[in-house]
Amino acid sequence: MPKRKSATNGREQTSRDYSAGHQSSDGVDVDRPRPRGRPRTEIDSDAIADAVAGLFVEGGMDAVSIVSAAEKLDVSRATLYRAVPTKEHLLGILFERSTSELTKLVSAAIDADLPVAERLHRMVELQVDAAVRMRHYLSVFFGGPDLPEDVVDRWHLWSRDYEEMWTKCVKEAMDAGVLEHSNVVAATRLILGMCIWVSRWYRPGEGIESADIAESALALLFPDR
């Protein structure tokens, strides 16, 4: 029986063009057509973090898996497994990227050659913006039941160090008369809590921008500015 010609280019279509295709026990396609060419063997950690963040947007924690991350990255599961062996490692990569970015930005604001009021203003703006951007997964790092223990431990360690950065700046602001004197630790946690909680109530459809939220927060902290 003659071989069937391709409808697009006349090329003979044989079993070599497509894998047979079957499903694993969880119903996911194991073999599927893949584009010709050299396969990707290395995956950038930022690309992985972007993929995991995107999965959180699409379906929360339940949407995150090695299979779904590989599909979003357009790589085989075998390739991703070599770099990221478990779902827990995926969460760890997102954690590392999220916290390192925020630490770097806030550290730059603290170290800027500006009056303490302006530095604190910038810190509030950065924290609100981070809460909006990370709203789909920020709460996960506060010790969700599905979070691996090592990631929870790293989150708690980072949180303590990050809070200490803020505490020093809040104390400086109080000493300079920019903020009313009160318990420094309590004041710092209230400021941070106010900003972080934005991640729980922010809704894009309400027409409130992150800049509007930061401005409202600053008006509460500095009513006479």
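## Helix α6

In this predicted model, helix α6 covers residues 149-175. Its 27 residues reach 39 Å from the first C-alpha to the last, close to the 39 Å expected at 1.5 Å a residue; the expected span is 1.5 Å times one less than the number of residues. Helices here are DSSP runs of H or I with at least four residues, strands are runs of E with at least two, and both are numbered from the N terminus.

Which residues of α6 are buried? They are Val151, Val152, Trp155, Trp158, Tyr162, Met165, Trp166, Thr167, Cys169, Val170, Ala173 and Met174. Buried means under 20% relative accessible area, exposed over 50%, and partly exposed in between, using a 1.4 Å probe and protein chains only. The cover over these residues includes α4 (87-111), α5 (116-133) and α7 (184-196). Just after α6, glycine 177 has a positive phi of about 80 degrees.

## The nonpolar core

Let's look inside. The largest nonpolar core has 62 residues, and Phe56, Leu80, Leu120, Val124 and Trp166 touch the most other members. Such a core is a set of buried Ala, Val, Leu, Ile, Met, Phe, Trp, Tyr and Cys residues joined through side-chain atoms within 4.5 Å. Two or more residues come from each of α1 (45-59), α2 (66-73), α4, α5, α6, α7 and α9 (210-221). The largest share, ten residues, belongs to α6.

Phenylalanine 56 makes contact (heavy atoms within 4.5 Å) with Met61, Val64, Leu91, Leu94, His136, Tyr137 and Val140, leaving aside neighbours within four places in sequence.

## How α5 packs

Two packed helices are described by the angle between their axes and the distance between the axes. Axes are lines fitted to C-alpha atoms, for helices over the stretch in contact, and angles run from 0 to 180 degrees between N-to-C directions. For α5 and α9, the angle is about 135 degrees and the axes are 9 Å apart. These two helices are therefore oblique to each other: angles under 35 degrees count as roughly parallel, over 145 as roughly antiparallel, 65 to 115 as roughly perpendicular, and the rest as oblique. In this pair, His121, Val124, Glu125, Val128, Asp129 and Val132 of α5 meet Ser210, Ile213, Ala214, Ala217, Leu218 and Leu221 of α9.

The axes of α5 and α7 come within 8 Å and cross at roughly 40 degrees. That makes α5 oblique to α7 as well. Here Val124, Gln127, Val128 and Ala131 of α5 touch Ile191, Leu192, Cys195 and Ile196 of α7.

Is α2 mostly covered or mostly open? Mostly covered, with six of its eight residues buried: Ile66, Val67, Ser68, Ala69, Ala70 and Leu73. Their cover includes α1, α3 (77-83) and α4. Aspartate 74 follows α2 and has a positive phi, near 60 degrees.

Glutamate 209 sits in the loop between α8 (198-201) and α9. Its relative accessibility is 48%, so glutamate 209 counts as partly exposed. The C-alpha atoms of glutamate 209 and valine 132 are separated by 9.1 Å, although these residues are 77 apart along the chain.

## The whole chain

The chain has nine helices and zero strands. Of its 225 residues, 37% count as buried. Among contacts between residues at least 6 apart in sequence, 61% join residues at least 24 apart.

## Reading the numbers

Residues are numbered from 1 along each chain as its sequence is written, and side-chain values use heavy atoms, leaving out hydrogens and water. Because this is a predicted model, local features need pLDDT of at least 70 and side-chain atom pairs count only at pLDDT 80 or more, while totals for chains, interfaces and linings use all residues.
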